[in-house]
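This briefing covers a metal site and a nonpolar core. Please look over the sequence and the structure before reading on.

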Amino acid sequence: MSVDASPAYHLPNNMGRIILLGMEEILGKDGLNAVLHKSGLPRWSGGYPPDDMHLGFSFEDLSRLQVALEDLYGARSGRGLALRSGRAGFKFGLRQFGQQLGLNEVSFRLLPMSEKLPQGAELLAGLFNQFSDERVRVERCETHILWHIERCPVCWGRESQDPLCHLAVGLLQEALYWVSGGKNFIVEETACIARGDPACTIAIDRQPLD
Ligand SMILES: [Zn+2]
């Protein structure tokens, strides 16, 4: 963990809650409890963070959960589980923030797919930028949408040769699946702050696989 004097950054409690609910769906209650204990965060095993917008779920907590997943299940399986947890978490997030995001509004639903994806990404980024300390910038390229996490809670304080933000990749995969009405896209983390890159960049292929 980083020992510099950087301020403590947080996600709102309800986003932390959504992440834990997503992890519970994939790992089961016992599995999640084991991860919480391993990560030194047993305070969340008795009850998840409250359903409010208070900035109470620290970047460090989220990063430690990812480390514990890899420690308990091995790097490869742990990363797969993080990805699936992110996908599951999006569904809980949609229940919580769907209306706020405006993804159900007719004006959004009627957009052509080529516009829907980048606009959906921008709406989602706006949610993080407005309500959490996470910072996301969306860049549109001809073939890809680039989701740049310029301040990232998932790999917070970690160092690695490989990208680590599988939870964020899973969340985006599910968001795209939902926004496109059931299509799958290639979503890949191409840069990671843990690797020394300036941002964690997730590249989304604008062309669906199916
Ligand atoms: Zn990251």
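How are the donor residues of the zinc ion spaced in sequence? The spacing is C-x2-C-x9-C-x34-C.

This is a predicted model, in which local features need pLDDT of at least 70 and side-chain atom pairs count only at pLDDT 80 or more, while totals for chains, interfaces and linings use all residues. Residues are numbered from 1 along each chain as its sequence is written, and side-chain values use heavy atoms, with hydrogens and water left out.

**Zinc site**

- The zinc ion has as protein donors the SG atoms of C152, C155, C165 and C200, at 2.2 to 2.4 Å.
- Donors here are N, O and S atoms within 2.8 Å of the metal (3.2 Å for Na, K and Ca); water is not among the atoms, so sites may look incomplete.
- The site is tetrahedral, with angles of 99 to 117° among the four donor atoms; for four donors the term requires all angles to lie between 85 and 135 degrees.
- C155 and C165 both lie in the loop between β4 (144-151) and α6 (166-179), so the pair ties together parts that are 10 residues apart in sequence.
- Helices (H or I, at least four residues) and strands (E, at least two) are DSSP runs, numbered from the N terminus.
- C155 is buried at 3% relative accessibility, and C165 is buried at 0%; buried means under 20% relative accessible area (1.4 Å probe, protein chains only).

**Nonpolar core**

- The largest nonpolar core has 59 residues, and L20, M23, L65 and W147 have the most contacts inside it.
- Such a core is a set of buried Ala, Val, Leu, Ile, Met, Phe, Trp, Tyr and Cys residues joined through side-chain atoms within 4.5 Å.
- α1 gives the most to this core, with nine residues.

Note on methods: Four donors count as tetrahedral if all angles lie between 85 and 135 degrees; four count as square planar and six as octahedral if opposite donors are over 155 degrees apart and all others between 65 and 115; anything else is irregular. Buried means under 20% relative accessible area, exposed over 50%, partly exposed in between (1.4 Å probe, protein chains only).
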